[in-house]
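Start with the structure itself.

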Amino acid sequence: MAYKPQFGPGTSSVAENRRKQMNPGYKLKKMRDISDEEVVLLMGHRAPGAAYPTAHPPLAEAGEPKCPVRKLVTPLDGAKAGDRVRYIQFADSMWFAPCHPYLRSYLEAIRYRGVDPGTLSGRQIVECRERDLEKIAKELVESEIFDAGRTGIRGATVHGHSLRLDENGMMFDMLARYVYDPKAKTVKYVKNQIGEPLDKPIDVGKSGDDKWLKANTTIFNSNGGVAFRSDTEYVEWVQRVHSLRTKYGFMPME
Amino acid sequence: MTEAEYPQVRIVPERLLFPITVERLLTAIVATGGVRRMSLNGPRLPAVVPYGPARGVENPHYARRKIRVGDQDVLLEVQVGTVVLELEDASYIPRIREACESVFTEFPFTIQEGRFMKTRMTVTDYAKYGPDMDKDLLGLTEPGKKGRLIIIQGGK
């Protein structure tokens, strides 16, 4: 029988959402439209339309050594052209954000080639060759794992994921990169990810309502959401992994 | 001689507050007349981007704004998350609660009673203010703060 990855344990909606997002066979739902130019502006690495700065000559001109691995691995478009490695970084509120840093790294490593995801406590960064990063960033921001109010695109000064929400239900941002438009009831980015003002605001659409967020979150939260302890299968597996890791230090058997 | 101990309360709303709500709350609290000292806490809102590639760039923020409390303008340098009050006596607590209930209509809040301001000088306080530090400043200062305290007159 062919191996079928399970991605993770658990019977709760949170566990199911985690499995769903990690599964490359599941196409992430598109929730909003962001143009290519807007993605470039949000990241702030280059001016829209400008040529991609390079870190090395194109591979075709570089005169690569004969190497069997290089023959096996097809380089990304950005690597072929010698693009710089750039990043996009997200912060996810613990108040029912539709994704969270560890899961972002898992799903990016599973779904995309040539990326270097990194998880920190309240933020998650993904690095890639610039032109490929722009495609990935567009997909991530347009998809269901991004929420306008509970997820932030933050290159620096990320503080806020564990704080209370503000009166509009938005995650705190020290740099106010995004603002809530009460008339349109949408969220608009007025600064790029490192806090430089944008010439015109970028609309990233409406934030999900509480019902949608609680149904689609990947974060256990006993304060109004799905409590970790309520998913006994998940607890059992986490305890099993913890126990085996501890025991293996002394004796490699159960 | 034992120094008088004044009751302290901490107001914790479920949401971080906008300046307009803070202004309404503080106006209602000041009107009760029993507040000796008050401290607003929350995440900081720097005037310029503090770090990262954009360090030093101006940081306009919708929550960093001047509000009017009593007879004074107060520049909010934090997004207010908790308000700590020291009261003349415990009889003002129900009035403070009523003031909060009149302002926090959209989301819940809690009022805790206890000690929320420090009672003894720290090394930093000693270095900054010397051995004869005004006791009223205790608990209202923080090491990096450069501005002065704001005194709101006419509470009574």
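## Interface

The contact (heavy atoms within 4.5 Å) draws 22 residues from chain A and 27 residues from chain B. The model is predicted: local features need pLDDT of at least 70, side-chain atom pairs count only at pLDDT 80 or more, and totals for chains, interfaces and linings use all residues. Residues are numbered from 1 along each chain as its sequence is written, chains are lettered from A and ligands numbered from 1 in written order, and side-chain values use heavy atoms, without hydrogens and water.

Chains A and B bury about 2,000 Å² between them, 60% of it on carbon and sulfur atoms. Buried area is the accessible area (1.4 Å probe) that two parts lose on being put together, summed over both. In chain A, A:Arg164, A:Glu167 and A:Met174 lose the most area to chain B, together 37% of what that side buries.

## Largest pocket

The largest pocket holds about 1,700 Å³ of space. A pocket is an open set of points on a 1 Å grid over the protein atoms alone, where a 1.4 Å probe fits, with protein on both sides within 12 Å along at least five of seven lines; lining residues have an atom within 4 Å of a point. The volume is the space filled by probe spheres set on the points.

Its lining has 48 residues; B:Met38, B:Leu140, B:Arg148, B:Leu149 and B:Ile150 lie nearest the centre. Strand 2 of chain B (strands are DSSP E runs of at least two residues) gives the most to this lining, with seven residues.

Note on methods
Helices (H or I, at least four residues) and strands (E, at least two) are DSSP runs, numbered from the N terminus.
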